[in-house]
Amino acid sequence: MEKDYFDSFPLITNDQVNEMMKLQILLPKVNDILDNFKDCKFQHEYPIITKDFIGFADLIITVPDGTSTVIDFKYSNHVENYLESGQLHLYKYYLEKLGFNIKHLGYIFIPKTGIKQKQTESLYQFRKRLTEEVSKSEPELVPIKYDQMNVLYFQNTIKEIEAATEYPKNVDHCFSCMPRFAPNYLNAIQNEKGEILMQLPKNERRKKQMDLKPDIWLYADSYVGKTTFMDQFDDVLMLNTDGNTDNITSPVLPIQDEVKKEGRMTKRKLAWETFLEVVQTLEVSNTEHYQTIVIDLMEDLREACRTYIMDKFNWEHESDGTYGKGWSMVTKEFDNAIKRLKAVGLQIVYISRELRNDITLKNGSVRTTFQPNIDAKTANFLTGTVDITMRAYVNDSDEHLLMLQKQPNVFGGGRFNFKVKEVPLEKDAFIEALKDAQPKDAERPKTKSEQKPVQEQPESTENTNEEEPEKPKRKRRTKKAEEPAEEDAPKRKRRTRKPSTDDEDSQTPPGEDDEEITESESEPEPEEAPKPRRRRRRTAKKED
């Protein structure tokens, strides 16, 4: 349970550890309630799928006589609000259509403890107080009586939705329609007038291609080499905010405030206005044929957007606007500009500094987490606009490394299945790891193009073989003939050291046929190999 809970978060903080401490106290108490249903069949997360309804029942308990009870878990203190809900009534109605015999409905309410750490207490003191408060809480099983009217109300509401032709925003009752909590995708498919802008693509399968220019979010501590690493790539435009550009050779465009004096007037052009001009220029034309746009640093650009909105409305802080309006306008302005830049179609790279936080686990051990130096809401948006988020660091051996695989205490991840944990902070090493991380079927379109020049090579080799066809053959044959002779030589020297008998020498016939006999006999009896050679020398002298 603990591992599954922590794996569901991109980064573990003290809040997740505190929540796990609560669950470790409350869940055993929930099991005590379920122990009353002995000799019963438990079905967890049961899918309810029909033509008119899709839902998932948290728990279905079936007793031996065939009747069942539907239970839904609620981790909340608002018991009365859930008692008026029609959720369990719909579960019973549609489960009975699937063949269940539902007799009872009920909620198991797990109370929440919302205390926070005081400024005057340490983390250890807070967790001790948290454990005491949670231990006082008791889960409760609340039965529900079935009401058919909840099903009729649900079905009538569905008919009204299907017959509707207009969909106005309901700010008072719809959570997603509130400006503060509206999801980002609503801005992507609507223009300023609220009209939906959407064009459906053709119903055709897209071919998988090797992606060697993924959108990247790279973060690291100072002096690790973030900007220098991106400078190794070609056709890069650096949008720099901190002025640290002395050690790079790529073109640089500063994103900073510009102050000009015209007569007695002093005019200031904000950094965000310069960034919007760059985006607009890239949308119209890319005359310099840039392939990669690097934003260095991303947190400075986010602050520039915030400054632009406050200057525009003469605010000192986002909270000076109406309820949620200031924060919403900054978020909307920043997100729309990044989406416009993404729509250009070039490779986008974000660079950020590293932020370290220490979290304390339940056993008292301290774990250090690493994440970009930017707020969580903006980080959540930016990770959705890139293909991979990576951290660079310097190890104890002073080696600059790039972390590719996801680690529990490191903010990162991506859409590639990297085979190696980390590589040197170099362009070639990263490209090779990127190729290995992509499936083989994505490499096929490029391997075919790479094989075309390879097919032309046999024509040139055939021409050279026609001019001098015998030379390579003779060289290969002489090498093969010489290799066994060189291998036999040391064997014969070793064999001459061993004693030999005169009876074996007298049995070997003289002449040229000795070569064939000795070669065949040398394998089972290695001592006979040097003897025919001596015999041949003696016979040669007699013939002379």
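This is a predicted model: local features need pLDDT of at least 70, side-chain atom pairs count only at pLDDT 80 or more; totals for chains, interfaces and linings use all residues.
**Entry 1: two loop aspartates**

I began with Asp398, which is exposed, with a relative accessible area of 58%, and I noted that this residue sits in the loop between strand 14 (388–394) and strand 15 (400–403). The phi of Asp398 is near 65 degrees, which is a positive value in a residue other than glycine. I marked this down because most residues other than glycine have a negative phi.

I then looked up Asp235, another residue that is not a glycine and yet has a positive phi, here of about 55 degrees. Asp235 belongs to the loop between helix 8 (226–231) and strand 7 (236–240).

**Entry 2: the chain as a whole**

I stepped back to the overall figures before going further. The protein has 544 residues, of which 35% count as buried, and I counted up its elements as 18 helices and 17 strands. Taking contacts between residues at least 6 apart in sequence, I noted that 62% of them join residues at least 24 apart.

**Entry 3: helix 2 against helix 5**

I next looked at helix 2 (residues 14–34) and helix 5 (residues 123–135), whose axes come within 10 Å and cross at roughly 25 degrees. Helix 2 and helix 5 are therefore roughly parallel to each other, as angles under 35 degrees count as such.

Which residues of the two helices meet? On the side of helix 2 I listed Asn14, Val17, Asn18, Met21, Lys22, Ile25, Leu26 and Lys29, and on the side of helix 5 Leu123, Phe126, Arg127, Leu130, Thr131, Val134 and Ser135. Sorted by class, this contact of helix 2 with helix 5 holds 8 nonpolar, 4 polar and 3 charged residues.

Asn18 is buried, with a relative accessible area of 9%, and, leaving aside residues up to four places away in sequence, Asn18 touches Phe126, Arg127 and Leu130.

I also followed the chain past helix 5 to Ser137, which lies in the loop between helix 5 and strand 5 (140–144). Ser137 counts as buried, at 13% relative accessibility. Among the residues that Ser137 touches are Leu26 and Lys29, and Pro111 and Thr113 are also on that list, which does not count residues up to four places away in sequence.

I looked up the peptide bond from Asp296 to Leu297 and found it to be cis, with omega near 20 degrees. I kept this in the notebook because most peptide bonds are trans. Leu297 has its place in the loop between strand 11 (292–296) and helix 10.

**Entry 4: helix 10 against helix 11**

The axes of helix 10 and helix 11 (residues 325–343) come within 9 Å and cross at roughly 125 degrees. That makes helix 10 oblique to helix 11, and I noted the crossing of helix 10 and helix 11 as right-handed. Helix 10 contributes Met298, Leu301, Arg302, Cys305, Arg306, Tyr308 and Ile309 to the contact, while helix 11 contributes Met329, Val330, Thr331, Glu333, Phe334 and Ile338. I divided the residues of this contact of helix 10 with helix 11 into 9 nonpolar, 1 polar and 3 charged.

Tyr308, placed in helix 10 (residues 298–312), counts as buried at 16% relative accessibility. Not counting residues up to four places away in sequence, Tyr308 touches Leu270, Trp272, Glu273 and Glu333. I also looked up the separation of the C-alpha atoms of Tyr308 and Trp272, which is 6.4 Å, although these residues are 36 residues apart along the chain.

**Entry 5: the nonpolar cores**

Which residues have the most contacts inside the largest nonpolar core? They are Trp272, Phe275, Leu301, Phe334 and Tyr350, in a core of 43 residues. I followed up Phe275, which touches Leu239, Ile255, Ile295, Leu301, Ala337, Ile338 and Leu341, again not counting residues up to four places away in sequence. Apart from this core I noted another one, of 29 residues, which includes Met238, Val294, Val349 and Ile431.

How values were computed:
Residues are numbered from 1 along each chain as its sequence is written. Side-chain values use heavy atoms; hydrogens and water are left out. Axes are lines fitted to C-alpha atoms, for helices over the stretch in contact, and angles run from 0 to 180 degrees between N-to-C directions. Helices (H or I, at least four residues) and strands (E, at least two) are DSSP runs, numbered from the N terminus. Angles under 35 degrees count as roughly parallel, over 145 as roughly antiparallel, 65 to 115 as roughly perpendicular and the rest as oblique. Contact means heavy atoms within 4.5 Å. Ala, Val, Leu, Ile, Met, Phe, Trp, Tyr, Cys and Pro count as nonpolar, Asp, Glu, Lys and Arg as charged, and the others, Gly among them, as polar. A nonpolar core is a set of buried Ala, Val, Leu, Ile, Met, Phe, Trp, Tyr and Cys residues joined through side-chain atoms within 4.5 Å. Buried means under 20% relative accessible area, exposed over 50%, partly exposed in between (1.4 Å probe, protein chains only). A crossing is left-handed if the near helix is turned anticlockwise from the far one by less than a right angle, and right-handed if clockwise.
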